[in-house]
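Here is a short tour for anyone meeting this structure for the first time. Keep the sequence and the 3D view at hand as you read.

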Amino acid sequence: MTKAYLNWSSGKDAMLALHQLQQSQEISIQNLVTTVNADFNRVSMHGLPIELLEKQAESLQLPLHQIPLSGQVSMQTYNQVMQEHTELLKAEGFTHAVFGDIFLEDLKTYREEQLQKVEIQAVFPLWKKETKSLLKEFIDLGYKAIVVCTNAKYLDESFCGRMIDHDFINDLPPNVDACGENGEFHTFVFDGPLFSFPVEFELGEKVLRDYAPSDEDDCHQEPQSWDHKFWYADLKLK
């Protein structure tokens with residue numbers, strides 16, 4: 001069976017990709033790989049405390065490979081660090097890398113090109129599937145998730161900290177993708193069929209953060225078009 005690692009965001013899309021591959025049994029997911037903000041000890045983009053990420057991996061009974069990165073990392077450094085870690089995984093016998101991406105063509109191409117450098121094949125189990133159907137499937141399978149981050153341009157504070165359910169889907173504005181594929185929101189999955197126990201947490205305060213790009217930031221070629229205000233729900237491990 002193909003030995004693969006899953007690029008694990010801690011959210012619903014990665015969870016659904018894992019579930020589908022576990023059911024098909026064509027690819028063996030033997031590791032979760034997560035980038036973390038080393039400045040704050042939180043999952044990159046999601047803002048989830050590492051303690052919850054580690055408890056999540058424990059419940060899923062999968063090893064967790066963390067890739068620490070500075071919150072102000074340049075694109076050049078990011079690519080270098082990611083290549084170093086994928087080479088380590090390659091040396092451990094991993095031949096495939098799984099992603100929960102759904103329809104962002106440029107991101108898919110970027111991932112494939114970077115992985116080709118270390119001869120690892122990218123796999124996209126959810127690719128081109130209808131996002132509202134995917135989210136309904138996620139809910140109907142019995143998985144539970146909470147919104148930990150929203151892009152303030154698309155979703156206000158009220159959506160941050162909400163549970164993912166059918167009411168959530170119905171309340172989404174028409175310009176927001178059902179799975180947040182354009183970065184409108186991010187989630188933390190804490191229970192479901194593949195969990196050996198639910199990850200218990202407490203919901204703390206909500207915080208609006210502004211990540212306005214600096215002149216030195218080379219990760220965004222057009223900083224004026226980059227959304228930089230996000231609501232975060234602070235979760236704490238019980």
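Predicted model: local features only at pLDDT ≥ 70, side-chain atom pairs only at ≥ 80, totals over all residues.

## An exposed loop residue

Let's start on the outside: Glu 119 is exposed, since its relative accessible area is 64%, and the cut-off for exposed is over 50%. You'll find Glu 119 in the loop that links helix H4 (105-116) to strand E6 (121-123).

Averaged over the protein chain, pLDDT comes to 93, and 94% of the residues score at least 70.

One stretch needs a bit of care. Over residues 215-225, pLDDT stays under 50, and the model has nine contacts beyond four places in sequence for this stretch.

## A buried loop residue

Now for Ser 10, which sits in the loop between strand E1 (2-7) and H1. Is Ser 10 buried or exposed? Ser 10 counts as buried because its relative accessibility is 0%, and anything under 20% falls in that class.

Next, look at helix H1 (residues 12-24) and helix H5 (residues 131-140). How do they meet? The axes of H1 and H5 come within 11 Å and cross at roughly 70°. That angle makes H1 roughly perpendicular to H5, a label that covers 65 to 115 degrees.

Which residues make the contact between H1 and H5? From H1 come Lys 12, Met 15, Leu 16 and Gln 20, while H5 brings Leu 134, Leu 135, Glu 137 and Phe 138. Sorted by kind, the residues of this contact are five nonpolar, one polar and two charged.

## Nonpolar cores

Some of these names turn up again inside the protein. The largest nonpolar core has 53 residues, and the ones that touch the most other members are Trp 8, Met 15, Ile 29, Phe 138 and Phe 188. H1 supplies the largest share of this core, six residues. Apart from it lies another core, this one of 17 residues, among them Leu 69, Leu 89, Leu 115 and Trp 127.

Leaving out residues up to four places away in sequence, Phe 138 touches Lys 12, Met 15, Leu 16, Tyr 143, Lys 144, Ala 145 and Val 189. Lys 12, Met 15 and Leu 16 are also among the H1 residues in the contact with H5.

## Two buried strand residues

Asn 7 is found in strand E1. With a relative accessible area of 18%, Asn 7 is buried, as the cut-off is under 20%. Val 98 is 91 residues away from Asn 7 along the chain, yet their C-alpha atoms are separated by 6.0 Å. Val 98 is also one of the residues that Asn 7 touches, along with Ala 14, Val 33, Ala 97 and Phe 99, not counting residues up to four places away in sequence.

Over in strand E7 (residues 144-151) you'll find Thr 150. Thr 150 is buried as well, with a relative accessible area of 0%. Its contacts, again not counting residues up to four places away in sequence, are Leu 155, Asp 156, Phe 159, Cys 160, Glu 184, Phe 185, Lys 229, Phe 230 and Trp 231.

## Around helix H2

At 11% relative accessibility, Pro 49 counts as buried. Setting aside neighbours within four places in sequence, Pro 49 is in contact with Asn 41, Arg 42, Asp 234 and Leu 235. Gly 183 is 134 residues from Pro 49 along the chain, and the C-alpha atoms of the two are separated by 19 Å.

In helix H2 itself is Glu 58, which counts as partly exposed at 46% relative accessibility. Which residues does Glu 58 contact, leaving aside its neighbours within four places in sequence? They are Ser 196 and Phe 197. As for Gln 30, Glu 58 is 28 residues from it in sequence and 13 Å from it in space, C-alpha to C-alpha.

How values were computed. Residues numbered from 1 in each chain as written. Heavy atoms only, no water. Axes fitted to C-alpha atoms, helices over the stretch in contact; angles between N-to-C directions. Helix = DSSP H or I, 4+ residues; strand = E, 2+ residues; numbered from the N terminus. Parallel < 35°, antiparallel > 145°, perpendicular 65-115°, else oblique. Contact = heavy atoms within 4.5 Å. Nonpolar A, V, L, I, M, F, W, Y, C, P; charged D, E, K, R; others polar. Core = buried A, V, L, I, M, F, W, Y, C linked by side-chain atoms within 4.5 Å. Buried < 20%, exposed > 50% of the residue type's maximum accessible area, 1.4 Å probe, protein only. pLDDT = per-residue confidence, 0-100.
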